Amino acid sequence: MILVLFGPPGSGKGTQSEMLLQSGNFVHISTGDLLRAEVASGSEIGLKVKEIMSQGGFPSDDLIMTLVQGQLDTHKGKQIIFDGFPRTLNQVLAFDALLGVQRENVSIVINLQVDLDQLVDRVSGRFSCKGCGAVYHDRNKRPLQDGVCDRCQGTEFIRRADDQPEVLKNRVRTYLDQTQAVCDFYRQKDLVVDLDASKDPVSVNNDLKISLAQAGFKI
Ligand SMILES: [Zn+2]
């Protein structure tokens with residue numbers, strides 16, 4: 001059975017995947033991880049991916065489909081979480097065709113919804129210690145002594161450009177634009193379940209598990 005997990009950056013998609021994986025009943029497939037693993041392995045595909053990405057390009061849908069097909073063969077019959085795939089209408093159509101051949105189908109699409117302002121509020125204001133990586137937040141997790149890391153007493157901190165409100169908003173909007181067609185495709189098939197991802201991770205996970213159980217997954 002196949003679960004497609006949708007959610008913009010900051011929606012807690014990674015956390016939710018990890019929570020599901022703890023039961024040992026799921027396999028997690030992220031195309032980002034697959035691409036990184038191919039590059040690290042130095043395989044023929046890996047070398048190709050490395051070259052494309054070093055030139056600032058993205059791997060073609062064909063290449064991604066080859067990797068996905070390999071994973072479907074490897075994990076046949078298991079409960080698979082697809083994370084970050086399919087991302088384009090091209091991919092969704094190719095995926096549908098591939099699953100048809102294998103007599104498989106997508107069982108459910110979970111759409112983790114976040115309120116953009118709330119997301120910005122949560123993520124912006126984050127900073128981390130340059131020395132040890134400890135993470136702080138302007139409003140709800142300041143160091144005990146301002147400007148000094150609790151863990152290593154370091155005094156240098158980093159703010160990621162990704163965590164700046166405008167950068168984050170743009171990333172979320174790009175994601176929503178990109179995935180709109182994919183979401184619509186699955187919505188027409190009545191496979192999409194929208195979940196409020198602005199709740200705490202445990203509540204979101206409970207909602208998620210209820211939806212998955214209703215769709216016939218073993219949790
Ligand atoms: Zn530190």
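How many bridges join S2 to strand S3, and in which sense do the two strands run? The points below take up this question first and then turn to the rest of the fold.

1. In this predicted model, S2 is joined to strand S3 (residues 79-83) by 5 bridges, and the two strands run parallel.

2. Strand S5 (residues 126-129) is linked to S6 by 3 bridges in the antiparallel sense. Within the sheet, Phe127 is found opposite Tyr136 of S6.

3. The protein chain has 219 residues, of which 22% count as buried. Its secondary structure amounts to 8 helices and 8 strands. Along the principal axes, the C-alpha atoms fill a box of roughly 60 × 40 × 35 Å. When contacts between residues at least 6 apart in sequence are considered, 72% of them join residues at least 24 apart.

4. A pair of packed helices is described by the angle between the axes and by the distance between them. For helix H2 (residues 31-41) and helix H3 (residues 44-54), the axes come within 7 Å and cross at roughly 110°. H2 is therefore roughly perpendicular to H3. On the H2 side the meeting residues are Leu35, Glu38, Val39 and Ser41, and on the H3 side they are Ile45, Gly46, Val49 and Lys50. Sorted by class, this contact of H2 with H3 comprises 4 nonpolar, 2 polar and 2 charged residues.

5. The other pair is H6 and helix H7 (residues 165-188), which pack at an angle of about 135° with their axes 10 Å apart. H6 is accordingly oblique to H7. The crossing in which H6 passes H7 is right-handed. H6 contributes Leu116, Leu119, Val120 and Val123 to the contact, while H7 contributes Pro165, Leu168, Lys169 and Val172. By class, the contact of H6 with H7 has 7 nonpolar residues, 1 charged residue and no polar residues.

6. Asp117 is also of interest at this site. Where does Asp117 lie? The residue is in helix H6 (residues 116-123). Is Asp117 buried or exposed? Asp117 counts as exposed because 10 C-beta neighbours lie inside 10 Å, and the cut-off for an exposed residue is 12 or fewer. Although Asp117 and Pro165 are 48 residues apart along the chain, their C-alpha atoms are separated by 9.1 Å. Pro165 is among the H7 residues that make the contact with H6.

Methods
Residues numbered from 1 in each chain as written. Predicted model: local features only at pLDDT ≥ 70, side-chain atom pairs only at ≥ 80, totals over all residues. Helix = DSSP H or I, 4+ residues; strand = E, 2+ residues; numbered from the N terminus. Buried ≥ 20, exposed ≤ 12 C-beta atoms within 10 Å, placed from the backbone. Contact = placed C-beta atoms within 7 Å. Axes fitted to C-alpha atoms, helices over the stretch in contact; angles between N-to-C directions. Parallel < 35°, antiparallel > 145°, perpendicular 65-115°, else oblique. Left-handed = near helix turned anticlockwise from the far one by under 90°. Nonpolar A, V, L, I, M, F, W, Y, C, P; charged D, E, K, R; others polar. Pairing = 2+ DSSP bridges.
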